[in-house]
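Colleague: I have a chain to go through with you. Could we look at it together, one topic at a time?

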Amino acid sequence: MLQIIRAALSRPYVDHIESIRLIYAAEDEGELTYREQLQRYMEENPDKLSVAFVLNSPPEGWVGGVGYVVQGTLQKYLQPPEKDMLIAICGPPVMQDGVVRALHRLGYNEKLVHTVDEETLL
């Protein structure tokens with residue numbers, strides 16, 4: 001995902017994208033490997049990139065998202081479904097499957113929802 005974001009925020013692509021929204025989920029804060037880099041990208045491109053950090057086991061005082069990426073998480077952090085909105089998903093297969101199913105229930109275009117393990121899902 002980081003490579004896709006880096007490319008999308010570079011010319012000439014950055015001029016042709018409306019926005020990128022990333023939900024970066026991890027078990028705990030130590031697993032947010034690229035947090036600083038993503039925060040820098042958000043600061044440099046506030047109108048193009050937003051990142052929601054979600055932890056299953058957050059530390060005390062955590063102000064980001066909490067829990068698994070479920071339908072409510074997607075509704076909170078993603079823009080509403082649009083017919084030409086591309087969605088890319090990576091992570092453990094069980095998470096990918098759950099997110100794909102939730103996106104379909106929410107009305108996102110299933111032909112534009114892609115995972116790194118597509119052939120093993122659904």
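Modeller: Let us begin with Ile87, which lies in strand 4, residues 87-89. Please bear in mind that this is a predicted model.

Colleague: Is Ile87 buried or exposed?

Modeller: Ile87 counts as buried, because its relative accessibility is 10% and the cut-off for buried is under 20%.

Colleague: Which residues does Ile87 touch, not counting those up to four places away in sequence?

Modeller: Ile87 touches Leu103, Tyr108, Leu112, Val113 and His114.

Colleague: And how far is Ile87 from Glu27?

Modeller: Their C-alpha atoms are separated by 22 Å. Along the chain, Ile87 and Glu27 are 60 residues apart.

Colleague: Let us move to Ala26. Where does Ala26 lie?

Modeller: Ala26 lies in strand 1, which covers residues 20-26.

Colleague: Buried or exposed, in the case of Ala26?

Modeller: Ala26 has a relative accessibility of 12%, so it counts as buried.

Colleague: What is Ala26 in contact with, leaving aside its neighbours within four places in sequence?

Modeller: The contacts of Ala26 are Glu31, Leu32, Val54, Leu55 and Asn56.

Colleague: Now Val70, please. Where does Val70 lie?

Modeller: Val70 is in the loop between strand 3 (65-66) and helix 3. With a relative accessible area of 46%, Val70 is partly exposed.

Colleague: How far apart in space are Val70 and Gly98?

Modeller: The distance is 7.2 Å, C-alpha to C-alpha, and the two residues are 28 apart in sequence.

Colleague: What is the place of Gly72?

Modeller: Gly72 is in helix 3, residues 71-77. Its relative accessibility is 41%, so Gly72 counts as partly exposed. The C-alpha atoms of Gly72 and Leu2 are separated by 24 Å, and the two residues are 70 apart along the chain.

Colleague: Stepping back to the whole chain, how many helices and strands are there?

Modeller: The chain has four helices and five strands. Their pattern along the sequence is α-β-α-β-β-α-β-α-β. The radius of gyration is 14 Å, close to the 14 Å of the globule rule for 122 residues, so the chain is as compact as a globular protein of that length.

Colleague: What does the C-alpha trace span along its principal axes?

Modeller: The span is about 35 × 35 × 25 Å.

Colleague: And what share of the residues is buried?

Modeller: Buried residues account for 36% of the 122 residues. The accessible surface of the chain is about 7900 Å², and carbon and sulfur atoms contribute 52% of that surface.

Colleague: Of the contacts between residues at least 6 apart in sequence, what share joins residues at least 24 apart?

Modeller: That share is 58%.

Colleague: Turning to charge, how many positive and negative side chains does the chain have?

Modeller: There are 11 positive and 18 negative side chains. The centres of the two sets lie 6 Å apart.

Colleague: Lastly, what does UniProt place at residues 1-99?

Modeller: The UniProt entry, which is unreviewed, places the feature "domain: Oxidoreductase FAD/NAD(P)-binding" there. Over residues 1-99 the chain is 31% helix and 19% strand, and the C-alpha atoms at the ends of that range are 16 Å apart.

Note on methods
Residues are numbered from 1 along each chain as its sequence is written. This is a predicted model: local features need pLDDT of at least 70, side-chain atom pairs count only at pLDDT 80 or more; totals for chains, interfaces and linings use all residues. Side-chain values use heavy atoms; hydrogens and water are left out. Helices (H or I, at least four residues) and strands (E, at least two) are DSSP runs, numbered from the N terminus. The radius of gyration is taken over C-alpha atoms; the globule rule is 2.2 Å times the number of residues to the power 0.38. Buried means under 20% relative accessible area, exposed over 50%, partly exposed in between (1.4 Å probe, protein chains only). Contact means heavy atoms within 4.5 Å. Accessible areas come from the Shrake-Rupley method with a 1.4 Å probe; for residues, only the protein chains shown count as cover. Lys and Arg count as positive and Asp and Glu as negative; His and the chain ends are not counted. The place of a charge is taken as NZ of Lys, CZ of Arg, CG of Asp or CD of Glu. UniProt positions are given in the numbering used here, feature names are shortened, and annotations may be inferred rather than shown by experiment.
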